[in-house]
Amino acid sequence: MRVLGPLRTYRQEKGGLHLEVEGAHLTIRALAPDLVQVRLCPAGTQPPPSFAVVKTDWPEVPVRLEETPAALRLSTDRVTVEVARDPVRLRFLDPEGRVVAADHPEGGLGWEPGRVRWVQVAPADAHYYGFGQKVGPLDKRGRAMTMWATDEPLHTPGTDPLYQSIPFFLALREGRAYGLFVDSPARVRYDMAKTHPDRYEIVAEQDVLDAYFFAGPDPREVIARYTELTGRMPLPPRWALGYQQSRYSYYPEARVREIAREMRRRQIPCDVIYLDIDYMRGYRVFTWDPERFPDPAGMIRDLREQGFKVVTIVDPGVKVDAQYPVFQEGVAQGHFICYPDGELFIGTVWPGRTAFPDFTREATRRWWGDLHKEALLDKGVAGIWNDMNEPSCMARNTLPDEVLQGEDGAKVPHARVHNVYGLTMCQATYEGLRRHRPDQRPFVLTRSGYAGIQRYAAVWMGDNHSWWEHLWMAMPMCMGMGLSGVPFVGTDVGGFSDDVDGELLVRWTWLGVFTPFFRNHSSVNTRAQEPWAFGPEVEERVREAIRLRYRLLPFLYNEFYRASVTGLPIMRPLLLEYPGDPETYRLSDQFLVGRDLLVAPVYQAGAVRRLVYLPRGTWVDFWTGERHDGPAHIVAPAPLDRIPVYVRAGAIIPMGPVQNYVGEVPETELTLAVYAGADGELELYEDDGLTMAYQQGEFALTRMVLEHGGDGGRTVTLRVGDPAGRYQPPREAVVVRLYLPAPAQEVQVDGRPAAFTRAEDGAAVVRVPTPGARGFVLTARM
């Protein structure tokens, strides 16, 4: 492979440099003080359009250029790019002159026809995270990985690739982070110090290298900037945060009604029931089987009255059938993928012989989005589940490299855009739902995606197994997705393939309580795994876990709001909040929800305790109120009816009532679990939870502050402000649960003595009337 030789000429351009070397040119441009675009264009090539990047109108960044005989140095206030002249090699330095990242002397940037490469130094103490959906521990150092969206049903420790392809990673060394995104929807290979321990290598199978360097050094800043570039998750409907029940497949209609009836009879909270492929007529998308579902609109209406939403699967494959209107329209209007000679590509999926829409075409996306209206949305379907969209093709795994995609006059081989098939399908679905239900928030769930998929869909991790190993794997896999800019993630609770048992179902449900997406899903010909499938003891434990999920909905919804604004993950590794703590760098089996909840799931059969690492600060046992000072490793009790959960001192956790579905109980009473021992604050976000009105300012923000007095910390004050904004929260009372380092002796509200009770977990409990959601000041003395 050819590498960059001596610098021939250069010129300074807006925000950066244009450099010429033999056979190629290189542009380096500061888009923001901490974000640098690096683009290598071999002679005769042009950069393709990006499917990931949504922000292109960056304000001009002041830069300084220093020229020496050996190098050029382009600097912002946050990063310096040093360009060695002979040969051309790059180094990235922080404002103190420390090397953040550097080309390897034997590599750097290189190319050959149809392929580009970047080789950089991998210091021995550097760690690498993200890469979208990958198996194995959180830290991917020592791994070789490929970005190529693949329907792979067997997830073993060495399986690669899987469904998601997100060519972004975050590097962490000595508490300082940087990020690197290679914007390529083609096949991309990473060798993260596996072949050569002193370097990592990125090879993309396309003509141009288009990369973005995020200088950090705070890992949260890296992810925030990356999601500013590629887009952030819009707020989902609040019901999508509830528990969801699925199986391949629930049919006929009587079986669906039975599942709903049992959920309500047994008082197991549930918001969504899924319909897998067997609701269709011969697996034809946008149809209903008239015998299994003779009146889908009536069924959905009845389920809605019981508080259920229905989500239906929609695969991309369209059955080849001359009497099938979707196929007829697709052929007549040129929506399907063809060979270079114009012959229609025919693959094999569930319907048999199948054609595939080309979602890189704007007209095809609109056509596809509009197909949802009459067949699904008009019948009351609440959300869409996009599956098999790698795309999966049973006879050959996916589409041939040589079939063509793209707009007329700009078609390219499928291999050049393979990894955006899922993203562009979800874009078509999301935009169709927005057009036909303009006042409602879309809910789209996907298996496959590319960088930026968070703009359109939640993501589940595909066809896992009912194995304890896969319960463990769910944690680093979901955290890796979060570090890749995708916060709305989860796995099939209980496992999709193979047979779950009662203990595994309970433990996995407890993990699901704290993952952003919470769905129980299982495959045909496996043991039933509804919450009641293993008898009353397992059912009760699963029910109590799900009930806690609903009590935590105000807290979780607030974290979804933060993710929509900042891009930061909801389910996050400890290293994100504690990057200076080396104990967190390889911690794959526990996680934070936001900043405040530390969750340590149980992933071994028969275990009744587990080791938990608590970083610096004071942590309060969620169940008992017991306090622990970190950093420390502790052995935490973990009976089958709960898992270890700890709350950061200084946290204010908003909670709601137990309910069978979102909206069943009016939100007139809010609970605030207040964990004293450190100062803290909360900005509580509230809106109607369903419509797009929040984008026009129909929301409320309520500021809450926790303070400790100067009397040795014996006095604790909670200040709850009035809601600010155009949305009026309906609450009429706030129940404050105070977790104090010592028993409360006296409590006052707005300067007047207030009665309080003491709960079993040691909390002092005070009910404060708040007509009109007004604010108040609560003071407790220990």
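Predicted model: local features only at pLDDT ≥ 70, side-chain atom pairs only at ≥ 80, totals over all residues.
Sorted by class, the lining of the largest cavity holds 12 nonpolar, two polar and six charged residues.

What about the second largest cavity? Here the space comes to about 130 Å³. Among the 16 residues that line the second largest cavity, Pro234, Pro236, Tyr430, Pro442 and Tyr456 are the closest to its centre. The lining of the second largest cavity divides into 13 nonpolar residues, one polar and two charged. Counting cavities of 30 Å³ or more gives 10 for the structure.

## The largest pocket

Turning to open spaces, the largest pocket holds about 520 Å³. Its lining is made of 23 residues, with Pro48, Pro49, Phe51, Val412 and Val417 closest to the centre. Which helices each supply at least two residues of this lining? They are helix H6 (414-417) and helix H7 (421-436). H7 gives the most to the lining of the largest pocket, with three residues.

By class, the lining of the largest pocket has 10 nonpolar, eight polar and five charged residues.

## Two helices side by side

Helix H9 (residues 502-513) packs with helix H10 (residues 536-551) at an angle of about 5 degrees, and their axes are 9 Å apart. Angles under 35 degrees count as roughly parallel, so H9 is roughly parallel to H10.

From H9 come Gly502, Leu505, Val506, Thr509, Trp510, Gly512 and Val513, which meet Val538, Arg541, Val542, Ala545, Ile546, Leu548 and Arg549 in H10. The residues of the contact of H9 with H10 comprise nine nonpolar, three polar and two charged.

## Aromatic pairs

How many aromatic pairs does the structure hold? The total is 40. One of them joins Phe169 and Tyr200 in an edge-to-face arrangement, at 5.4 Å centre to centre and with 85 degrees between the planes.

This pair links distant parts of the chain, with its two residues 31 residues apart. Phe169 sits in strand S15 (residues 168-173), while Tyr200 sits in strand S18 (residues 199-204).

## Backbone details

A couple of cis peptide bonds are worth a look while you have the model open. The bond from Asp160 to Pro161 is cis, with omega near 0 degrees. Pro161 is found in the loop between strand S13 (144-147) and strand S14 (164-165). The peptide bond from Gly630 to Pro631 is also cis, and here omega is near 5 degrees. Pro631 is located in strand S39 (residues 627-637).

You can find Phe286 in the loop between strand S21 (272-275) and helix H3 (296-305).

Technical notes:
Residues numbered from 1 in each chain as written. Heavy atoms only, no water. Axes fitted to C-alpha atoms, helices over the stretch in contact; angles between N-to-C directions. Helix = DSSP H or I, 4+ residues; strand = E, 2+ residues; numbered from the N terminus. Parallel < 35°, antiparallel > 145°, perpendicular 65-115°, else oblique. Contact = heavy atoms within 4.5 Å. Nonpolar A, V, L, I, M, F, W, Y, C, P; charged D, E, K, R; others polar. 1 Å grid on protein atoms, 1.4 Å probe; cavity = no way out; pocket = protein on both sides within 12 Å on 5 of 7 lines; lining within 4 Å. Points joined across faces, edges and corners; volume = space filled by probe spheres on them. Phe/Tyr/Trp six-rings, centres within 6.5 Å; stacked < 30°, edge-to-face > 60°.
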